[in-house]
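These notebook entries record what I looked up in one structure. Each entry keeps to a single topic.

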Amino acid sequence: MVFIGEKDYERLVKYCLLCLPKEACGLLGGIQDRQGKWVKRVYFLTNMDNSAEHFSMDPKEQFAAIKDMRANGWKLLGNFHSHPASPPVLSEEDIRLAYDVSISYLVLSLADPGNPVLNAFQVDRERNVLEEAWKKYVLY
Ligand SMILES: [Zn+2]
């Protein structure tokens, strides 16, 4: 289970809409307990591919995000990217690039911009894609 703060979810959707028609991407930092992964901060990164169908995160921004997570005692919980015109599922390329079995891969589809759909996945060593439940929570 992935828990995302309500405001962070809103920010994530806004950022992805802002990046249209290009794919947006970023990282999720936070803590993990028995209940699941609690996202404490969403890091909005530059899509170096500047593309509507691919993304690669700016390595410098990635490094800065990881550094910030460490400074806060958080860990990397996952990443997100948007699909400007395709469904909220991992593409073959997404699966190929999902090499970390411990993190979550979130995809926000903006195929219908008025109705964004976010899904979370994990990818195991055999490249099986498992859908992961996620929930919004209120950050105090
Ligand atoms: Zn994708």
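Entry 1: I looked up the accessibility of Asn50: at 51% relative accessibility, Asn50 counts as exposed (buried is under 20% relative accessible area, exposed over 50% and partly exposed in between, with a 1.4 Å probe and protein chains only). The model is a predicted one, in which local features need pLDDT of at least 70, side-chain atom pairs count only at pLDDT 80 or more, and totals for chains, interfaces and linings use all residues. Residues are numbered from 1 along each chain as its sequence is written, and side-chain values use heavy atoms, with hydrogens and water left out.

I found Asn50 in the loop between E3 and H2; helices (H or I, at least four residues) and strands (E, at least two) are DSSP runs, numbered from the N terminus. Asn50 is not a glycine, yet its phi is positive, at about 45 degrees. I then turned to Arg127, which is not a glycine either and has a positive phi of about 70 degrees. Arg127 sits in the loop between E6 and strand E7 (129-132). Its relative accessibility is 36%, so Arg127 counts as partly exposed.

Entry 2: I noted a cis peptide bond between Leu20 and Pro21, with omega about 5 degrees. Pro21 belongs to the loop between H1 and strand E2 (25-32).

**Entry 3: helix H1.** Which residues of H1 are buried? I listed Asp8, Tyr9, Leu12, Val13, Tyr15 and Cys16. They cover an arc of only 160 degrees around the axis, which puts them on the same side of H1; the arc is that of the directions from the helix axis to the C-beta atoms. On the face turned away from the buried side of H1, I found the exposed residues Lys7, Lys14 and Leu18.

**Entry 4: the nonpolar cores.** I looked up the nonpolar cores (sets of buried Ala, Val, Leu, Ile, Met, Phe, Trp, Tyr and Cys residues joined through side-chain atoms within 4.5 Å). The largest has 18 residues, of which Ile4, Cys16, Val39, Phe80, Leu106 and Leu108 touch the most other members. Two or more residues of this core come from each of strand E1 (2-5), H1, strand E3 (37-45), E4, strand E5 (104-109) and strand E6 (117-123). H1 supplies the largest share, 5 residues. A second, separate core has 9 residues, including Tyr43, Phe55, Met69 and Trp74.

**Entry 5: Leu77.** I located Leu77 in strand E4. At 2% relative accessibility, Leu77 counts as buried. Leu77 and Val2 are 75 residues apart along the chain, and their C-alpha atoms are separated by 8.7 Å.

**Entry 6: the lining of the largest pocket.** Which element gives the most to the lining of the largest pocket? E4 does, with 3 residues. I also recorded the make-up of this lining: 11 nonpolar, 4 polar and 2 charged residues (Ala, Val, Leu, Ile, Met, Phe, Trp, Tyr, Cys and Pro count as nonpolar, Asp, Glu, Lys and Arg as charged, and the others, Gly among them, as polar).
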